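I set out below what I looked up in this structure, entry by entry. The order runs from the whole chain to single residues.

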Amino acid sequence: MGGFFFSSSALPEKNRARESRDLLAEHMMIDITPFGTPNLDFQISCRQLEGMSLVRFAASTIRMSRDRGMSAKLDDDLELSVMMGGSARGTISRLGDYSYRAGQSMIHSSTSPGTFVAVNPTISMLKFPRLWAEAAGLDLGAYASLPKTAELSYLGQYLAFLTTQDQDISPSVASSLSTHLADLCLLSLGATGDFADIARRRGLKAARMAAIKAFIRKHLADGRISLDDVALYQKISPRYVRALFEEEGTSFSDYVLEQRLVSAAEKLTTKCDGQTSITAVAYACGFNDLSYFNRVFKRRFAMTPRDMRKHGNTF
């Protein structure tokens, strides 16, 4: 899964706006300028999977546009954008004026010129071939705003998760991710019939599992996090949560323990955490019993927390 991450903070402040503009014009065929302020701040993460591109974009208040010259250089793909935070308003070819806020989504052709102003936006986007939608019997035209649905919510979370991961993955896993995203995307766009039944079993389940894992990692420091908490967050039964983990060959408790141990090992081998006591590290990772922490840590890494900190071992 190839890709890149870039932040405008990596550019000299003096030339930041100009160099940022050149970068996005070259790689995304978008012209970007600060709006209402001289400063321009943004972060962009991109990932390439089979047949699709994943993008996460966060920025200060900006003006973005794609003219006909830029549009002509792009394939006639579809871009599905989920506004995760902030708001936007603007004009797009063959549509006219539009606006959308956090939680709302839209889909349009990559080749449609347009201009919009976005206020502190965080956007997750999936770019994919128009042929996929046609194969699923969907006629989307040049543009459509999309109602809020569970599928779109999961898609936004799934995209946000995948675009913040920097680990290398195998071709087989990348292929599965592509299938799950395609399924979830087409469900979000209103696919029906047999196609929707198959897609719902594959894509929605994968996205729900990604959301569960993200929730667990976010709340690792809470030593009381439980399967019931996750089920309540996802509005599904505890039995279903348990079944999702069993399908991956693990259990809820084993997954939580592994994430806590990996988080603790990362803290122990990070220089900026070198002054933090081992007890504090254990509690920060959700372990409420120090002797238990030491025991399971040694079993997992074949060394004590103290030894890992001393030798700075990777894992």
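**Conventions.** I worked from a predicted model, in which local features need pLDDT of at least 70 and side-chain atom pairs count only at pLDDT 80 or more, while totals for chains, interfaces and linings use all residues. Residues are numbered from 1 along each chain as its sequence is written, and side-chain values use heavy atoms, with hydrogens and water left out.

**Whole chain.** I recorded twelve helices and ten strands in the chain; helices (H or I, at least four residues) and strands (E, at least two) are DSSP runs, numbered from the N terminus. The C-alpha atoms fill a box of roughly 65 × 55 × 30 Å along the principal axes. I looked up burial next: 48% of the 315 residues count as buried, where buried means under 20% relative accessible area, exposed over 50% and partly exposed in between, with a 1.4 Å probe and protein chains only. For contacts (heavy atoms within 4.5 Å), I took the pairs at least 6 apart in sequence, and 69% of these join residues at least 24 apart.

**Helices α4 and α5.** How do α4 and α5 pack, and at what angle? I found helix α4 (residues 150-162) and helix α5 (residues 171-188) packed at an angle of about 150°, with their axes 9 Å apart. That angle makes α4 roughly antiparallel to α5. Axes are lines fitted to C-alpha atoms, for helices over the stretch in contact, and angles run from 0 to 180 degrees between N-to-C directions. Angles under 35 degrees count as roughly parallel, over 145 as roughly antiparallel, 65 to 115 as roughly perpendicular and the rest as oblique. On the α4 side the contact residues include Tyr154, Leu155 and Tyr158, and on the α5 side they include His180, Leu181 and Cys185. By class I noted eleven nonpolar residues, two polar and one charged. Ala, Val, Leu, Ile, Met, Phe, Trp, Tyr, Cys and Pro count as nonpolar, Asp, Glu, Lys and Arg as charged, and the others, Gly among them, as polar.

**Helices α7 and α8.** Helix α7 (residues 227-234) and helix α8 (residues 238-247) pack at an angle of about 105°, and their axes are 8 Å apart. The two helices are therefore roughly perpendicular to each other. I listed Leu227, Asp228, Val230 and Ala231 of α7 against Pro238, Val241 and Arg242 of α8. This contact has five nonpolar, no polar and two charged residues.

**Cysteines.** How many disulfides does the whole structure hold? My search returned zero, a disulfide being a pair of cysteine sulfur atoms within 2.5 Å. For cysteine 185, the nearest cysteine sulfur belongs to cysteine 46 and is 17 Å away. Cysteine 185 is buried at a relative accessible area of 0%, and cysteine 285 also counts as buried, at 1%.

**Serine 81.** I located serine 81 in strand β6 (residues 77-92). Serine 81 is buried, with a relative accessible area of 5%. Beyond its neighbours within four places in sequence, its contacts include Tyr100, Gln104, Ile123 and Met125.

**Threonine 250.** Not counting residues up to four places away in sequence, threonine 250 touches Phe245 and Tyr255. I also noted that threonine 250 and leucine 74 are 176 residues apart in sequence, and 43 Å apart in space from C-alpha to C-alpha.
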